[in-house]
Amino acid sequence: MINLIVLAISAIMFALLVVWWRWPAFRAWIEAPKYSMLHQERRFVNRNATDAVAGSTRFMANKDY
Amino acid sequence: MASLMDAIIVCKWLLQSTSLIRAHIFASLATLLISVLFGLLVATKFNFPEFLGGHAWLTWGRLRYNHTQGIFFGWLGNAFLAFFYYAVPRLADRPVLSRRLGWILFCIWNFAVVLPGWVLVAAGFSQPLEWAEFPLVVDAFVVLAFILMVFEFVLPFLRTRLSDLYVSAWYIIGGIIFTMLAYPVGNFVPELVPGAQGAAFSGLWIHDAVGLFVTPFAVAIAYYVIPATTRRAIFSHFLSMVGFWLLFFIYPLNGTHHYVYSAIPMAAQKGAIVASAYLGMAVILVVTNLLLSLRGSSGTVARDVPLRFVWFGAVSYLLVSLQGSVQALMPVNRFIHFSDWVIGHSHLAMIGFASFIALGGIAHLWQRIPGTRYNERTMNWSFWLLAAGLTLMIADLTMAGLVEAQVWDSSAPWIDSVRSVANYWLVRTFSGLPVLAGFVMFWISLVSGPAVSAETAFAASREVSENIPIFDGDSSISHEPSFASRLSYAHVVAFGAGAGFFALSFLVLAILPGKELADEIKRAAPVTMPTLTASEQRGRVIYGREGCAYCHTEQIRFLGADVRRFGAPTEAWETKYDYPQLWGTRRIGPDLSREFNLHPQDWHLTHLFNPRLVVLDSVMPPYPWLFDGSPSRPTREGLDVLAYLQSLGRARELSGFDRQAMASSATSGTSDMAMASEPLARATPPTVPIAMTGGYSLSAPVLHPAADPNDSQEEVSRGGILFAENCSSCHGPAGKGDGKASTSLLPKPANLTAARFSDERLSSVLWNGIPGSSMPPWRQLATEDLRALVAYIQSLSVPSASSKSQETATLDQGKAFFAVYCGSCHGYGGAGNGPAAGALAPPPTNFHLKRPTEEKAWEVLENGVPGTAMPPWKSQLSEDQRHALVEFVCSLYGTPPETSQQ
């Protein structure tokens, strides 16, 4: 059991490190979400802000806010 | 264009969904305050066990169940759901599945799970399993809710086909999937799989509840709030993913560390210990990544209270995980397990880590909802009140745990551990007040202060996004498979992670050990093993309902300290009829695995009616609803609990294994590790357990009080203090047998002023107790203390008129009558060794070691001794005969039995 856990975790870690080291595209790919998350947030904000500042009837009529 | 349309749809939905967010936030705060109040009541009862004690709905056990389940489902569940409604549309770039489904989910979560769960538990319908206390009918709705969560929150990710899934989304998907699968395993399977095998499944869920429901969602919030507030991307998404995979791989393998030194196969225990150590390393990685994401933002952490909540939570996460890794190690676990140390650990996890991050998440999103109110000043107060209260609570509980562990490891009476930590419990209760005040202030922060305008809310978020560094690759959302498309279906991988690791942990921690246990039970169980009677089975249900298993374990570990105190370690076969297992994870009172023959019926009933009648400083709650107004009038439920208590350890006792083992005494001195590892050592308690009675230890040491008058006086004084602490509840403050408990005990406690006892007699009784009476063995006391008690009790005896010179003729007559009427029980020479004596409990008096006063001897001859085999002789013997018998009996004291038998 212990051997299984140690081996499995070591294998996962080793595989990740090798991929990270040998494959630059992987680095780019795996780091991308931390930027896209903020971009997505900005898109939401812009859309909502436009509606709100313009006094959109849809927005104002929404009692949930 | 399509992307813009999607964004519009999502924005519309987000606007509409805000009421759901609000609903969940207010539900979370309401249930939080109620749960914390439950917790405060529970804490108060440690020092004032009678507080609200007369009503079943407000008893300690039921409040304790509702405290933890309220925090788990009511507070954290609602808080996480609120966060999902805010974050999932942003992370998935599309709305959650359905607003209507959202309201159905809200109603199920709060009106089919939390509220009915509380009411049912309070009414006595519950499941005595850690983190699974709500009854099965409620569990069914929990599973349904998780299935709905898959549709509501996971489906949007599957539909979007995002090529780059942010780490928070991974945690949300993995956590929902895993919990949906693990919850029924932890809640339903122990009802179907008995004892040790069921415990393997329970262990799985105990840890998964915290590790795969609470942790992933809290970490998801932290990973969301930090970049959104600092306006910078996190330090490394690669490290966050490594942390995700390690967490989901390792956390499920930790479960069995709740049962170290138990009957669960050692391979599973050691596997869990290694996994616990790895988990600490994984958390170091996760928290390092979180804290590095805050580098250069110390000013923001200081200014922005929600971010400060998250920062505090991340640091607590590191501390509690490292603490968890250390306390799983056998040398530490053997010492602190079952103690308040673990309670401190769980509060650090649930408040310091999960609640702080959830509060940070709520406060963060609240500021971004137009129309809400937000009071930064009270929010700041909330943070400091919570931080101060929690720090005091954790420090106090940790110290209390160390004190308890130290006492348990010694030979001191169990009640000494309760006395030792009474002040710590008081401090813990007071530490809960600032925590409650902090939560109240948090709520006030959300309903007071200036209203958040739409411009303010959106501006806050926009500022966040303006400084995003543009990644030199494709930073837009890809809705179609593109580069590295083989790896791009991240949502599918995350989905698989939850399901796959669930299956792995299920196999490794539950199925394989369960199979091994089944084989062991088949091999080791006696051919005829008694099952529980209907009454005992009903009593077991009541025992579970009242939360008894949360203070009394039914699991003697393979540890010298446990075995010395309670008896042979609990083996898997002993639990083969236990549905569900009641091993327990905490000890306030002693383990009850060997209760069979330990205490008589009237002691139990008195103890259940009001524990302080027989154990002066007990903190056990009273259970008056099991009686019709008096301990001598138990209801059927009271009798059922009594029957169950007296059945504990019966199978083991009847098996005869322990008597054989003690006869050989082969493994005394075996180390704890070896005991747990070696099957041969398992059945062999190395010493006579403190708690055992019934003639196991006939060779009690004879304790002679000090001969020197000065020393003797000091000894008597100390004995008086010990007597007041340990004996007065039954024997009365002056030793006249008129203590509070005496009205309901049969035979009544001895009037110690009405007899003279020899050193041998008192030593034997203190060492072994008196079988068939409520007198327990006290050999856990230090020898000096026992000697002091002997001195004090001897000082109580009133000089008897029988010391006058006795006529030989009367003595001869008395001897002849004694042989005819009393010899069959008391022995023909009065040594308590007649032919019938072996079958009597309590055993007949040995008059060579105990001399009653003449008045007492007359009283006993006339009325007998209720609750013993001694009958009244008033109607059968003349006054002269009785007089002769009294004279004879009182003449025997101090003479050797051989002489009297001649």
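How many salt bridges are there over all chains? The count comes to 24. Keep in mind that this is a predicted model. The tour visits a few of these pairs, then turns to the nonpolar cores.

**Stop 1: chain A**

Select Lys34(A) and Glu31(A). They form a salt bridge, with the closest N and O atoms 3.1 Å apart. Now show helix α2 of chain A, residues 24-53. Both partners sit in this helix, and because they are three residues apart there, about one helical turn separates them. Are these two residues buried or exposed? Both Lys34(A) and Glu31(A) are buried.

**Stop 2: helix α14 of chain B**

Move to residues 414-420 of chain B, which make up helix α14. Pick out Arg419(B) and Asp416(B). Their side chains meet in a salt bridge, 2.9 Å from N to O. Arg419(B) has 22% relative accessibility, so it counts as partly exposed. Asp416(B), at 25%, also counts as partly exposed.

**Stop 3: a link between two helices**

Select Arg545(B) and Glu637(B). This pair forms a salt bridge, and its closest N and O atoms are 3.1 Å apart. Which helices hold the two partners? Arg545(B) lies in helix α19 (residues 534-545) of chain B, and Glu637(B) lies in helix α22 (residues 636-647) of chain B. The pair therefore ties together parts that are 92 residues apart in sequence. Colour by accessibility. Arg545(B) counts as buried because its relative accessibility is 13%, whereas Glu637(B), at 29%, is partly exposed.

**Stop 4: the largest nonpolar core**

Hide the charged pairs and turn to the nonpolar side chains. The largest nonpolar core has 230 residues. Which members touch the most others? They are Trp75(B), Phe84(B), Phe153(B) and Tyr171(B). Next, select residues 195-230 of chain B, helix α6. This helix gives the most to the core, with 23 residues.

Zoom in on Trp75(B). Leave aside its neighbours within four places in sequence. Trp75(B) is then in contact with Ser28(B), Leu29(B), Thr31(B), Leu32(B) and Gly70(B), among others. Its contacts also include Ser355(B), Ala358(B), Leu359(B) and Ile362(B).

**Stop 5: a separate core**

Finish with Ala788(B), Ala791(B), Ile793(B) and Leu796(B). They are among the 22 residues of another core, which lies apart from the largest one.

How values were computed. Residues numbered from 1 in each chain as written. Chains lettered and ligands numbered in written order. Predicted model: local features only at pLDDT ≥ 70, side-chain atom pairs only at ≥ 80, totals over all residues. Heavy atoms only, no water. Core = buried A, V, L, I, M, F, W, Y, C linked by side-chain atoms within 4.5 Å. Buried < 20%, exposed > 50% of the residue type's maximum accessible area, 1.4 Å probe, protein only. Helix = DSSP H or I, 4+ residues; strand = E, 2+ residues; numbered from the N terminus. Contact = heavy atoms within 4.5 Å. Salt bridge = Lys/Arg side-chain N within 4 Å of Asp/Glu carboxyl O.
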